[in-house]
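The sequence and structure follow.

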Amino acid sequence: MKQTIIAYLKNEPGVLNRISRLFYRLNYNIESITAGKSKARGISRVTIICNHTDHYNKSLIIDNLHQLNCVSEVNDITEIPSIIREYALFKVKIESDQSKTFKKLIESNSATIIDNFDSIFIVESSGKTEEIEGLINKLKNYNILEIMRSGKMAMVESGQDRDQFNFEEDS
């Protein structure tokens, strides 16, 4: 069972280490973790996707996260309608005769070429994990030099924010 958690953490050294140690101690794997600034000063917003086996484990993770002094708020959004996306960059070398086909492929997959030089293209894409995986499979027909993927980012759908945690706005 996959669990999707949004946590608001104090932005201080070692916070992500404490989170990963907690999951290690509980013997759960973090499938994806993405962190960034939130709208509140000194607070980071983290999306954690993890795997476990049952409802007990689901509540155990949340309860243990609440006990960490670096955690301001935790929301389990697994059962709440949410948008989950990831971001990816690809560096691909193509042969000159593949240029047209490559550009059509990129366009048809809602991706964007953001840089190119000497038949090497950097492409960006965002979407559901299945869409990113699909693009990777299609790019295997070319010479992929490098791939960089973010972790999954989640946001509760509009109108579903029953328990949204409110922070003071940045000044």
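E12 is partly exposed at 34% relative accessibility, where partly exposed lies between buried, under 20% relative accessible area, and exposed, over 50% (1.4 Å probe, protein chains only). Its salt-bridge partner is R18, with 3.5 Å between the closest N and O atoms; R18 is partly exposed too, at 21%. A salt bridge here is a side-chain nitrogen of Lys or Arg within 4 Å of a carboxyl oxygen of Asp or Glu.

The model is predicted: local features need pLDDT of at least 70, side-chain atom pairs count only at pLDDT 80 or more, and totals for chains, interfaces and linings use all residues. Residues are numbered from 1 along each chain as its sequence is written, and side-chain values use heavy atoms, leaving out hydrogens and water.

**Salt bridges**

The whole structure contains six salt bridges, including those tabulated here.

| Pair | N to O distance |
|---|---|
| K2 and E31 | 3.2 Å |
| R18 and E12 | 3.5 Å |
| R149 and E86 | 2.9 Å |

R149 belongs to strand β8 and E86 to strand β5, so this pair ties together parts 63 residues apart in sequence. R149 is partly exposed at 27% relative accessibility, whereas E86 is buried at 4%. Through shared partners, salt bridges link K2, E31 and K152 into one network. Helices (H or I, at least four residues) and strands (E, at least two) are DSSP runs numbered from the N terminus.

**Nonpolar cores**

A nonpolar core is a set of buried Ala, Val, Leu, Ile, Met, Phe, Trp, Tyr and Cys residues joined through side-chain atoms within 4.5 Å. In the largest such core, of 19 residues, I5, I19, F23, I61 and L65 touch the most other members. Two or more residues each come from β1 (2-10), α1 (15-26), β3 (43-51), α2 (55-67) and β4 (71-76), and α1 gives the most, with five. Apart from this core lies another, of 15 residues, among them L105, A111, I136 and L139.

In helix α4 (residues 129-139), the buried residues are T129, I132, L135, I136 and L139. Because they cover an arc of only 130° around the axis (taken from the directions from the helix axis to the C-beta atoms), they lie on the same side of α4. They pack against β5 (82-93), α3 (99-108), β7 and β8 (143-149).

S125, in strand β7 (residues 120-127), is buried at a relative accessible area of 6%. Beyond its neighbours within four places in sequence, S125 is in contact (heavy atoms within 4.5 Å) with E86, Y87, A88, F90, A111, I132 and L135.
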